[in-house]
Amino acid sequence: MRKVYRGRNIEVSFDLDQCVHIAECLRGDPAVFQLRRRPWVLPDEASADVVAQVVERCPSGALQYRRLDGASQEDVGSSTTVTPLRDGPLLVKGRIEVTRPDGAVETLPRATLCRCGHSEHAPFCDNTHLAIKFRAPGAAYKIHLSQVRYRLDRPIGKSDDPRRID
């Protein structure tokens with residue numbers, strides 16, 4: 001379920017079911033994205049341009065934005081690219097139409113889609129590939145440890161994520 005955080009010039013939304021805990025948001029602007037605060041997203045703590053840039057670094061599409069100041073929305077481009085990540089999900093960028101289990105169709109600019117077949121949030125990756133030791137070729141992707149992800153070798157459960165209570 002997507003939660004919306006509205007600022008004066010930009011609105012940020014977050015869907016914990018899509019998050020793969022890469023923590024680009026936390027490294028991107030700690031004034032805007034801060035786990036130990038409620039709400040954890042304060043869009044007015046930086047310019048709308050900065051917030052948009054940080055949100056666009058979220059590989060999973062868990063974070064999205066909508067400009068309220070008349071500036072351009074995220075450009076999804078004219079094509080969609082799919083990049084298999086080594087031992088992990090498919091990184092998809094472009095115009096992505098995803099059908100949710102309840103039949104709702106959502107258009108996303110980015111997503112990390114499960115390819116191990118064991119995600120509890122299919123079609124999205126939930127990092128279960130780490131627990132089952134899924135192996136497959138693909139591009140290397142740098143994952144940083146953070147306040148959300150303490151270990152690289154284990155998935156974080158939704159109930160363990162501090163953003164679930166916001």
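This is a predicted model: local features need pLDDT of at least 70, side-chain atom pairs count only at pLDDT 80 or more; totals for chains, interfaces and linings use all residues.
1. Start with β1 and β2. Strand β1 covers residues 2–6 and pairs with β2 in the antiparallel sense, over five bridges. A hairpin of three residues joins β1 to β2. Valine 4 has its bridge partner in β2, serine 13.

2. Now follow β2 to its other pairing. Strand β3 spans residues 63–67. β2 and β3 also run antiparallel, with five bridges.

3. Is β2 mostly covered or mostly open? Six of the six residues in β2 (10–15) are buried. In a regular strand, side chains alternate between the two faces of the sheet. Look at each face of β2 in turn. Ile10, Val12 and Phe14 lie on one side, and they are buried. Glu11, Ser13 and Asp15 lie on the other, and they are buried as well. Both faces of β2 are therefore covered, given that buried means under 20% relative accessible area.

4. Move on to the open sheet of three strands. Its order is β4-β5-β6, and the pairing is antiparallel.

5. Finish with β5 and β6. Strand β5 takes in residues 90–99 and pairs with β6 over eight bridges, in the antiparallel sense. Valine 98 has glutamate 106 of β6 as its bridge partner. Such strands pair through backbone hydrogen bonds.

Terms used: Residues are numbered from 1 along each chain as its sequence is written. Side-chain values use heavy atoms; hydrogens and water are left out. Two strands pair if DSSP finds at least two bridges between them. Helices (H or I, at least four residues) and strands (E, at least two) are DSSP runs, numbered from the N terminus. Buried means under 20% relative accessible area, exposed over 50%, partly exposed in between (1.4 Å probe, protein chains only).
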